[in-house]
Amino acid sequence: MKEKKSIMDRIAESNKSVITGIDEKDIEYWVTTYIMGKAYKVPAGLTIMQAMEFAGYRFVRSAGCRAGFCGACATVYRKAGDYKLQTAMACQTRVEDGMFLVQIPFAPGNKALYDINKEEYNVGTLFKHYPELARCVSCNTCTKACPQDLEVMDYIQDAIKGDFKAVAKESFDCIQCGLCAIRCPADLVQYHIAQLARRMYGRYECQEPEHLKIRLKEIENGKYKEGWDKFVNASIKKLEKLYAERDRESD
Amino acid sequence: MAEIKFIRGYPEYMHELINIVHKTRTKRKDYDPPAMSKEEREEVLKLHPDYAPGGKRKISIGQNKGDRGPNEVVDLLEAYPLIEEEEIDLSKIDYDVDILIIGGGLAGTSAAIWANSQGIPPEKILLTNKLRHGDANSMMAEGGTQAADRPNDSPLIHFLDAMGGGHFANKPDVLKALVEDAPLIMHWLLELGAMIDIEENKDFVEKWGGGTCRRRMHACRDYTGLEELRVIRDEFRDRKISCLEYYPVIELLTDGEGRAAGAVLWNFETGDYKIVKAKATILATGGFGRLHIRGFPTTNHYGATCDGVVLAYRVGAKLRDVDTVQYHPTGAAFPPQIIGLLLTEKLRSMGAQPINKDGEAFVFPLEPRDVEASSFIRECYIREKGILTPTGMRGVWLDTPLLELKNGEGTIENAFPGMNRMFKRFDIDMAKDPVLVFPTLHYQNGGVETDPEGKTNIGGLFVAGEISGGVHGKNRLMGNSTLDCMVFGRRSGIYAAEYAKAVKRRGKLSLEHMKKYVNMLKKAGIKPERRAPILLPEYRGKAVLARMIDVF
């Protein structure tokens, strides 16, 4: 059939391993990984998440965005012969031979409740909501646990000093996976503390730009009403013309 | 593994091809191919998966009978429910609320906050999530949020950009709501404490997006959706609004007179169901990337399986533009662990060029997404100037070092920490070497038809975000999706609250619509082979699936 060789079919063919899984006959290299202690032979080069699926696990928990943004697939592992307990996001880490791994389906951690508009912009607010901040023993375990490679202990120290800017910048890439909090010997929930600090910083340091204020006023005062009357009821032909005539702002 | 020699994360042969890109860079630095004319666009769009022959069929039952849609979507519309009417006891109500919100991404979470601000008490709102609260495509939005707030810009120009990008199929009144509320949403985000990128002089940093004629893209580094959603979710939690996780909806409920009246939830872990009675229901379930339409990989999160559209269609909601699928031009094509994942359009808006095997810039970097994606397909499959990967994929280079050259050293690390980190994990330094890209399934352009208030044709049923159809026409522009979620999350929250307050008489909960739908399926001769919503995609290994037995 002619359809057989269409571009779309060729593309689908080339994507097959991602969509419907790898055919065993196409696998050249294998590794053995231990999922919660059980040994599984899986293709080398998969992520931990893909390897677990290949082995037959179907995720309900511990899988979310599958792209390193959501923090759902926090994983801890040890490698045979290595004393170190390591952490990873399962969707962003290659499976390795001799990994003994388990996923963390849920990280318990109390979030303080607050009204961001009523909080005072000073270090007292952080301590009021998270007094355990003072328990930090600067052991750096949180930093070592962070799969985003953030300097978690540093931002906790900045929080203790009330340096909101430093906390905001250093913690910005946090995906709230919870690994820091689970490893912390002082029982801090670092990612919640950072969330409060960032919101405080955003709320009190990022002033509304003038141009935004002006635009809001213009909309409120009906500046575009006439334009809308023209645009919303315009024929497609007319809109096509207006579209073609747009000027492009210079770079 | 040791058998293939890798240099800076690439197999040797790919590394050699990269050298061609390095050699031609200075020559290309100040030159982009010109934007295409309307005719050129039309020509190349013939290669787009939406317009290439095959892949679609007519929907045989329901509101949109006769309309065409992707086979993968029509399969789900022509599927049987997960439950039988007899096995569900509707007399015991587990949650009796004013507003039920299904889906906790940016749209659903925003809706809850605004409904609460309208005076609906937090315990009278219920947000239910299939996975965790926040496991959503919103969380992965990288590039930005559009808002026309600079002096040389206006909501009208934003409107025109989106209309043209959407092939003039957008619903004008809905699009007007989107662009006119955009500045208000930026104001709201600042008020909540979101850290939006600002210039030294305190103005917003605003960048280009594909298909726009003004710079109006607001970002939070390349973690825009992450920042927006985690701040909004934090606010949601502060308000103590009720929230369930790992409770997908498996069927909507009606009141016997065709109005939406709640839903049947299913506990993903224990397998039992719960009945929610609600005066108004907001569907904010997102899109369908995990259906892998036409065999494409996807940027979407694990749960993007079209559930909401299926559920809404069964109660009689009208769909529109479901035949159009957005393929993002720049999905990762290498390394194999991250195939299909998103490389934000912002890379191109800041100067990265698409480059073919011979080191040539072959397309204007910021065409609308469908045009840009089609030109990549042309380069790889017609002109044969793509780069073949070890897994058999073809792709073109995205010259990220050029971005670094244009904007100064360290730009990638500062402005694109997420992506930079992702490639570093696989030993690739995108500031030094280009990355390989190919179109990836990104967005459901259409969906359940909405109006400017988020209302559908079904009483009491609202939609917000990617599930909805109309605002983006047949192709969404960059930065209009997070905006869509927040604008129509807000609007659906406000109008659902208004609707709920006005509800006087509430009928008896019913699954009558489901019975009717099943009869339609039977009448159309559709065999009960498929069931929907599917809730999750199937990625388990074939060998294991072949030997699985059902014991308990």
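The C-alpha centres of domain 1 and domain 2 of chain B lie 30 Å apart; the bounds come from an automatic or database domain assignment. The model is predicted: local features need pLDDT of at least 70, side-chain atom pairs count only at pLDDT 80 or more, and totals for chains, interfaces and linings use all residues. Residues are numbered from 1 along each chain as its sequence is written, while chains are lettered from A and ligands numbered from 1 in the order in which they are written.

Both domains of chain B are assigned as two segments: 6-50 + 327-441 for domain 1 and 89-324 + 445-502 for domain 2. Between them, 27 residues of domain 1 are in contact with 28 residues of domain 2 (contact: C-beta atoms, placed from the backbone, within 7 Å). On the domain 1 side, at least two residues each come from strand E14 (325-332), helix H9 (346-349), helix H10 (369-381), helix H13 (417-424) and strand E18 (435-444) of chain B. Helices (H or I, at least four residues) and strands (E, at least two) are DSSP runs, numbered from the N terminus. By class, this side has 13 nonpolar, 7 polar and 7 charged residues. Here Ala, Val, Leu, Ile, Met, Phe, Trp, Tyr, Cys and Pro count as nonpolar, Asp, Glu, Lys and Arg as charged, and the others, Gly among them, as polar.

Between the chains, 78 residues of chain A are in contact with 89 residues of chain B. Elements giving two or more residues to the chain A side include helix H1 (7-20), helix H8 (190-205) and helix H9 (210-220) of chain A. H1(A) gives the most, with 10 residues. The chain A side has 39 nonpolar, 19 polar and 20 charged residues.

The largest nonpolar core has 224 residues. Such a core is a set of buried Ala, Val, Leu, Ile, Met, Phe, Trp, Tyr and Cys residues joined through C-beta atoms within 7 Å. A residue is buried if 20 or more other C-beta atoms lie within 10 Å of its own, exposed if 12 or fewer, and partly exposed in between. Among the residues with the most contacts inside the core are A:Ile193, A:Ala197 and B:Ala496. Beyond four places in sequence, A:Ala197 touches A:Leu126, A:Ala159, A:Phe164, A:Val167 and A:Ala168.

A:Ala159 is also one of the buried residues of helix H5 (residues 152-161) of chain A. The cover over the buried residues of H5(A) includes helices H3 (123-129), H6 (164-171) and H8 of chain A. Just after H5(A), A:Gly162 takes a positive phi of about 80°.

In chain B, helix H4 (residues 106-117) and helix H14 (residues 481-502) pack at an angle of about 35°, with their axes 7 Å apart. Axes are lines fitted to C-alpha atoms over the stretch in contact, and angles run from 0 to 180 degrees between N-to-C directions. Residues of the contact include B:Ala111 and B:Trp114 in H4(B), and B:Phe488 and B:Ala496 in H14(B). The contact divides into 13 nonpolar, 6 polar and 1 charged.

Two cis peptide bonds occur in loops of chain B. The bond from B:Phe334 to B:Pro335 has omega near -5°, and B:Pro335 lies in the loop between E14 and H9. The bond from B:Ala532 to B:Pro533 has omega near 0°. B:Pro533 is found in the loop between helix H15 (512-523) and helix H16 (542-546) of chain B. That loop also holds B:Leu535, with a positive phi near 65°. B:Leu535 is partly exposed, with 17 other C-beta atoms within 10 Å.

Methods
Two residues are in contact if their C-beta atoms, placed from the backbone, lie within 7 Å.
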